[in-house]
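Please read it alongside the sequence and coordinates shown here.

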Amino acid sequence: MKKNGLYKGTLQNIILKLLSKEVKMYGYQITQRAKELTEGELEMTEGALYPLLHKLEAEGIITSEVQEINGRSRKYYLLTEKGKKQQATQEDEMRSYLFNLKTIFDI
Amino acid sequence: MISVEQKAEIEQYLMEKKIPLDILIEVEDHFLKQIENYVINENISFNAAFDKVKNLWKDDLKTDKYYNGREVAVFVKKISEKKINKILLESVFFTVFVGLAIYFFSLIATKEVFTEIVTYLAFVFLGLPGLHYLLNIKIFSLAKNYKSTKLNVFQNGNFLILVAGLIIVTSASSISVLAGFIYDFYMNSTARGFSYFLILMCVTWFYSFGFLFQIAFVKSAKKIRTFINL
């Protein structure tokens with residue numbers, strides 16, 4: 001994260017949410033999609049992204065497949081069934097957290 | 001569009017950073033996309049874009065000493081540690097499971113039956129890495145083709161299979177004796193039995209750790225084997 005350390009603890013939620021909206025995504029695509037959605041505010045560092053993707057894969061939350069695209073090898077990540085359930089749970093928790101945060105900051 | 005020579009230059013740069021091939025595939029793709037975007041959006045040359053990307057990755061591609069003394073890129077070390085910690089935890093759980101399983105078995109079996117069954121199970125358990133190796137011998141041969149780099153972060157653990165083989169050869173004749181002592185420990189809490197029980201737990205942990213490492217190596221290598229043409 002380059003611009004805002006507050007995003008740091010939510011990186012996993014962000015990745016899982018992005019993956020839930022696409023069939024599969026590759027590393028660079030994830031960074032660009034997050035940047036695009038936040039209008040450049042969220043810039044994921046590669047050093048944070050890849051260790052997290054590998055950790056999620058080791059935990060069986062996401063899986064990967066390598067494909068040949070225009071003569072290049074590309075590694076795609078996609079949610080597993082376990083990952084889909086976890087993403088839904090985490091999204092509910094995050095929405096509740098954001099709601100409470102908003103309530104507090106709105107006083 | 002990046003030329004074949006430019007792609008090879010990127011590949012060479014990343015290989016010098018000691019990145020295993022399974023991670024190199026995605027890092028190289030990331031580099032290519034980042035460079036292409038700079039070339040198109042900022043209208044700069046390949047070399048200027050490559051330098052910018054190298055600078056972005058500078059901290060993550062710095063090399064650091066790994067637990068075995070080898071040098072690896074910082075972010076590869078982070079990835080490895082997470083994966084290895086998970087295997088470490090699984091092997092500890094498995095060891096505890098084995099300890100409990102043979103304890104409960106000792107409660108219902110006579111010493112003779114216990115010794116016989118535990119000996120058979122020990123041989124099966126000790127032979128599994130060898131069988132797995134033989135079933136995946138092509139993958140292990142593939143690893144030998146890459147002298148300067150590793151197929152994945154688990155490759156360093158392949159020496160465990162050698163250690164496993166040595167343990168089988170040296171301990172084969174004493175497994176049944178060991179099983180008898182462990183039975184005595186469970187039944188009568190003998191000091192000698194306790195020391196053999198500890199040996200059993202240590203060997204089980206070491207073995208399961210090595211075997212899980214080996215399985216992870218093969219699983220990861222299978223995923224990339226058709227895409228490596230370096």
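This is a predicted model: local features need pLDDT of at least 70, side-chain atom pairs count only at pLDDT 80 or more; totals for chains, interfaces and linings use all residues.

Of the 230 residues in chain B, 33% are buried. Among the contacts in chain B with a separation of 6 or more, 68% join residues 24 or more positions apart.

**Overall form of chain B**

- Chain B contains nine helices and two strands, arranged along the sequence in the pattern α-α-α-β-β-α-α-α-α-α-α.
- Because the radius of gyration of chain B is 24 Å, well over the 17 Å that the globule rule gives for 230 residues, the chain is more spread out than a compact globule.
- The C-alpha trace of chain B spans about 80 × 30 × 25 Å along its principal axes.

**Packing of α5(B) and α9(B)**

- The axes of α5(B), residues 111–135, and α9(B) come within 10 Å and cross at roughly 20 degrees, which means that α5(B) is roughly parallel to α9(B); the crossing is left-handed.
- On α5(B) the contact is made by Phe125(B), Leu128(B), Pro129(B) and His132(B), while α9(B) contributes Tyr207(B), Gly210(B), Phe211(B), Gln214(B) and Ile215(B).
- By class, the residues of this contact comprise six nonpolar, three polar and no charged.

**The side of chain B that touches chain A**

- In the contact between the chains, 19 residues of chain B meet 16 residues of chain A.
- Helices α2 (21–41), α4 (74–108) and α9 (191–224) of chain B each supply at least two residues of this side, and the largest share, seven residues, comes from α2(B).
- The side of chain B that touches chain A has seven nonpolar, two polar and 10 charged residues.

Note on methods
Residues are numbered from 1 along each chain as its sequence is written. Chains are lettered from A and ligands numbered from 1 in the order in which they are written. Two residues are in contact if their C-beta atoms, placed from the backbone, lie within 7 Å. Helices (H or I, at least four residues) and strands (E, at least two) are DSSP runs, numbered from the N terminus. Ala, Val, Leu, Ile, Met, Phe, Trp, Tyr, Cys and Pro count as nonpolar, Asp, Glu, Lys and Arg as charged, and the others, Gly among them, as polar. Axes are lines fitted to C-alpha atoms, for helices over the stretch in contact, and angles run from 0 to 180 degrees between N-to-C directions. Angles under 35 degrees count as roughly parallel, over 145 as roughly antiparallel, 65 to 115 as roughly perpendicular and the rest as oblique. A crossing is left-handed if the near helix is turned anticlockwise from the far one by less than a right angle, and right-handed if clockwise. The radius of gyration is taken over C-alpha atoms; the globule rule is 2.2 Å times the number of residues to the power 0.38. A residue is buried if 20 or more other C-beta atoms lie within 10 Å of its own, exposed if 12 or fewer, and partly exposed in between; C-beta atoms are placed from the backbone.
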